[in-house]
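Colleague: I have a new model open and want to learn to read it. Where do we start?

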Amino acid sequence: MTEQAAPDEPDAGASGRQAPRGAASARAAGPGVRSSGKGQRRREKILAAAIRHVARNGGRGTSLAQIATEAGVTQQGLLYYFPSKDELLHAALDIRDQRDVVPRPTPWEGLEFLDGIVERIRRWRQEPEMVGMFTLLLVENLGDHAPLRDRLEKRYADVRKEYADGVRAAQANGTARAGIDPDLKAIEVIAFLNGLETSWLLNPSIPVEDVAAAWRDSQLAQMTVSPHHGPDRAAAPE
């Protein structure tokens, strides 16, 4: 049964309220949610329905009407919480970013970020729709003027810096070879993750946990300083 908007939820069009673009803190709470447990539950149902639909059909192939129907609310009620489709997709990506976090030192102290990646991959089977949603939205928003391009590009840059900083920290403490280019290694790591995500979505029987663990061990073997040969020597200046 479709729920009608609660009495404290005015018509979205009449209210004229629009959350600032990219304002994750505002999206996390939502208008009127702090004072309404029922409103919070309704908002969570909308987000869960959005994630399921986008994981199956992509953002472009999913309408607000479809999401509202599955969430059991009117489209007017949905628009109260999310004044636009873009805002709804940003909120869904906020959830993905929150769940993507692995407990860790801040910043990484070295190559333990590889263990963090393996742990993230092990959680994919618990939330396959989250992986599917992110992958489809990423592909859909590669164009220069795509609505989520700026957000996804910033996310990529932040993760790349995070991994590169982990390599630099390992080089500074003597556990990683000096000859590794941290920025290039970070790009390589992200390319592995993106490729594994796509492969797994196409074929969920792939043992991604084992693949990830073997990949980590291979990376550590390539990147760490050999106790027999010592660290790489930087080339002498000409």
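Modeller: Start with one element. In helix 8, the buried residues are Met130, Val131, Gly132, Met133, Phe134, Thr135, Leu137 and Glu140. Keep in mind that this is a predicted model.

Colleague: How should I read positions along a helix?

Modeller: An α-helix has 3.6 residues a turn, so residues three or four places apart point the same way. Now look at the cover. The buried residues of helix 8 are covered by elements that include helix 3, helix 6, helix 9 and helix 10 (182–202).

Colleague: How do I read the packing?

Modeller: In soluble globular proteins, nonpolar side chains tend to be buried together. Here, the largest nonpolar core has 28 residues. Ile46, Leu88 and Met133 have the most contacts inside it. At least two residues of this core come from each of helix 3 (37–57), helix 4 (64–71), helix 5 (75–81), helix 6 (85–99) and helix 8 (128–140). Helix 3 gives the largest share, seven residues.

Colleague: Which residues does Ile46 touch, leaving out those up to four places away in sequence?

Modeller: Ile67, Ala71, Val73, Leu78, Tyr81, Phe82 and Leu88. There is also a second, separate core of 27 residues, with Tyr163, Val167, Ala186 and Trp215 among them.

Colleague: What share of the protein chain is buried?

Modeller: Of its 238 residues, 41% are buried. Then check sequence separation. Among contacts with a separation of 6 or more, 72% join residues 24 or more positions apart.

Colleague: Where is Tyr156, and why does Tyr156 count as partly exposed?

Modeller: Tyr156 lies in helix 9 (residues 149–172). Partly exposed runs between the buried cut-off, under 20%, and the exposed one, over 50%. Tyr156 has 34% relative accessibility, so Tyr156 counts as partly exposed.

How values were computed. Residues are numbered from 1 along each chain as its sequence is written. This is a predicted model: local features need pLDDT of at least 70, side-chain atom pairs count only at pLDDT 80 or more; totals for chains, interfaces and linings use all residues. Side-chain values use heavy atoms; hydrogens and water are left out. Helices (H or I, at least four residues) and strands (E, at least two) are DSSP runs, numbered from the N terminus. Buried means under 20% relative accessible area, exposed over 50%, partly exposed in between (1.4 Å probe, protein chains only). A nonpolar core is a set of buried Ala, Val, Leu, Ile, Met, Phe, Trp, Tyr and Cys residues joined through side-chain atoms within 4.5 Å. Contact means heavy atoms within 4.5 Å.
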